[in-house]
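This report describes the fold, dimensions and surface of a single protein chain. The sequence and structure are shown first.

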Amino acid sequence: MAESMSWVQALVLGAVQGLTEFLPISSSAHLRIVSEVFFGDDAGASFTAVTQLGTEAAVLLYFARDIGRIVAAWFRGIADKSQRDTLDYRMGWYVIFATIPIGVLGFVFKDAIRTGARNLWIIATLLIVFAVVIAVAEKVGRQTRPIEKLTTRDGLVMGAAQCLALIPGVSRSGATTSAGLFMGLTRAAAVRFSFLLAIPAVTASGLFSLPDAFEPAGEGLQASGSQLVVATLVAFVLGYASIAWLLRFVQNHSLYWFVGYRIVVGVAVLGLLATGVVAAN
């Protein structure tokens, strides 16, 4: 029987979602860790997916002009061949193509994602492993190609990398941004496309998870409708602030800061697990 979520838990977890969704540190991992360490239970994959609607609304608002321009260019290009030689038209197709893999895999493995993949041993290990991946991408990536040089290949590679984020601990932005760096994109270009790429997949995931969030199966914390709404609003406000901060940060700072943070958190969680302070499931 699922335990009812308190208002404090809903507010804290909504804040965690908003603050961590766009940073390369895995918001799903942080929700899982915070809910287990401080509240002794799992908020659940559905709660995570639904509150992500708040952070995705923040992306839609922050990038409204870009999105509107890309959508308009895509429709113009569909109707008129002469309008297809623009970055915005190509960007529309890049996002579409790159979203297909995670859509298919997310549907096929949805049960595993909501259960076994939320084991804290796995999450802590992946926080550390993918910290190394991000560090290598930062080190070896040439970072010479701006967003204007984005190609279909870049979109497909970053789309494939996005699939790794189905596992808590990897980080959607961390995986896609690292892939972009490996492809030679600048840090700012990789992060910007990572934001746009997340919109279809995360929005679809949140809408698909709405019924399960209101009536979760098995153990875990169960949020009421009002708690879900408030947590999602909190995630929206803090998510918007997080986007603005990260885009400024990556202009002049490397991703090594997040690498160090991931390793510290991963090691700390492994220590808590090893000493029996928290349970893995």
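How many helices and strands are there in the protein chain?

## Secondary structure

The model is predicted. Its protein chain contains twelve helices and two strands. Along the sequence, these elements are arranged as β-α-α-α-α-α-α-α-α-α-α-β-α-α.

## Overall dimensions and packing

The radius of gyration of the protein chain is 18 Å, which agrees with the value near 19 Å that a compact globule of 281 residues would have. Taken along the principal axes, the box filled by the C-alpha atoms is roughly 60 × 40 × 35 Å.

Buried residues make up 53% of the 281 in the protein chain. Among contacts with a separation of 6 or more, 80% involve residues 24 or more positions apart.

## Surface and charge

The side chains include 20 positive and 17 negative ones, with 12 Å between the centres of the two sets.

## Helix H9

How many of the eleven residues of helix H9 are buried? Helix H9 spans residues 172-182 and is mostly covered, with ten of the eleven residues buried. The buried residues of H9 are Arg 172, Ser 173, Gly 174, Ala 175, Thr 176, Thr 177, Ser 178, Ala 179, Gly 180 and Leu 181.

After H9 comes Gly 184, which has a positive phi near 95 degrees.

How values were computed
Residues are numbered from 1 along each chain as its sequence is written. This is a predicted model: local features need pLDDT of at least 70, side-chain atom pairs count only at pLDDT 80 or more; totals for chains, interfaces and linings use all residues. Side-chain values use heavy atoms; hydrogens and water are left out. Helices (H or I, at least four residues) and strands (E, at least two) are DSSP runs, numbered from the N terminus. The radius of gyration is taken over C-alpha atoms; the globule rule is 2.2 Å times the number of residues to the power 0.38. Buried means under 20% relative accessible area, exposed over 50%, partly exposed in between (1.4 Å probe, protein chains only). Contact means heavy atoms within 4.5 Å. Lys and Arg count as positive and Asp and Glu as negative; His and the chain ends are not counted. The place of a charge is taken as NZ of Lys, CZ of Arg, CG of Asp or CD of Glu.
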